[in-house]
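Let's take a walk through a protein model together.

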Amino acid sequence: MNDRQQIIRQAAAMLLALLLGVCAGRFAPPRGEAAFSASLPASAQEPAAVPAYASWLMDEDHLLVAGETPEATPEAQEENLFALSPTPGPSAAQETTVQPGFAIEVLEAQTAAPRKRVLIYHTHTYEAYEPTKEDPYQPTEQWRTADSAHNVVRVGEELAGLLRGLGVEVTHDVTAFEPPNLSTAYARSLDMLEKRLQAGESYDLYIDLHRDAYAASYTGRNTVTTGGAEAAKLMLLIGKGEGQTGQGFDEKPDWQGNLAIAQSITGALNAQAAGLCRDVCIKSGRFNQHVSLGCVLIEAGNNHNTLEEVLAAMPYLADAIAQYLCQ
């Protein structure tokens, strides 16, 4: 074999050896690496892949359970995930299922306090105000009418609407208690109250809304200027139930408790507009106020006031009542 052939064969052998070495390096681990890794304790070896979020997190729609990793099964997710209010967090792909052995207690939201309840009625249903050219009505007698758009029932409807706007639950009883005889109207309104109580109704405030009679003893103006309007003056009346003889009724009202309520409302009214409410009037009659604590009689203006003036006072009365109910 000549020298040229010898050189070619040596070069071919070297090239073959190089190729074999490269192939062996691609399919075999670096020398000693597998043995070194196996010799380490489990805690020091490379950890398995874990979710990229904390063990307790909420995403936009779901609660993630502590210590569990997400499953990829959409059906399982649909059955086990609990919807929550939106909260920033991981994407929807990071959902998980509830695994056996875990218990999730769903706490009910605290219910809101029940709304306050008020009953408005009118023992003297036909009481009305000074008629005007702009607001005439057909009288049954002077300063009285059966037309509920012009008598004290209209005032009660105004007050009821305002209270409802303040979140109060209101029942407005528009029954005419005066017929057939004005002198026995309180017996008929008492019957209404007792039937409501027997039916399980209860209220935080029972308002018998009246129109007062103008008295010569009244001094000063008959209205108060407030909010750019003339508002009729108001007054709360509380009965002790003693009667004219001092003995009175067998069943008497908690007049002191009712008086405290009346004074609270009176104070709230005068805080809004000085002089809008007269001092609380205490009388010996009962006025059906024995049926429950919270019974008050409110005189909304008098017969020398116009309906417009009385309606102008109702926003202040509604606000004062709401203040009392929120105490």
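This is a predicted model: local features need pLDDT of at least 70, side-chain atom pairs count only at pLDDT 80 or more; totals for chains, interfaces and linings use all residues.

Here is a short tour of the sheet, the helices beside it and a pocket.

Start with the strands. Six of them, 6 strands in the order β2-β1-β3-β8-β6-β7, make up an open sheet with mixed pairing. At the edges sit β2 (169–172) and β7, and each of these pairs on one side only. Going from one strand to the next, the twist averages 30°.

Now zoom in on β6 and β8. These two run antiparallel and are joined by 4 bridges. For example, Met 235 has Glu 299 in β8 as its bridge partner.

## The helices

Next, look for helix α7, residues 307–325. It packs on the sheet and touches β1 (117–121), β3, β6 and β8. Its direction makes about 160° with that of β8.

Then there's helix α6, residues 255–272, which lies across β3, β6, β7 and β8. Compared with β6, helix α6 runs at about 170°.

## The largest pocket

Which residues lie nearest the centre of the largest pocket? They are Asp 212, Leu 237, Lys 283, Phe 287 and Glu 299, out of 13 residues that line it. You've already met Glu 299, as the bridge partner of Met 235.

The largest share, 3 residues, comes from β3. Sorted by type, the lining has 6 nonpolar, 2 polar and 5 charged residues.

Key: Residues are numbered from 1 along each chain as its sequence is written. Side-chain values use heavy atoms; hydrogens and water are left out. On a 1 Å grid over the protein atoms alone, a cavity is a set of points where a 1.4 Å probe fits but cannot get out, and a pocket is an open set with protein on both sides within 12 Å along at least five of seven lines; lining residues have an atom within 4 Å of a point. Ala, Val, Leu, Ile, Met, Phe, Trp, Tyr, Cys and Pro count as nonpolar, Asp, Glu, Lys and Arg as charged, and the others, Gly among them, as polar. Two strands pair if DSSP finds at least two bridges between them. Axes are lines fitted to C-alpha atoms, for helices over the stretch in contact, and angles run from 0 to 180 degrees between N-to-C directions. Contact means heavy atoms within 4.5 Å.
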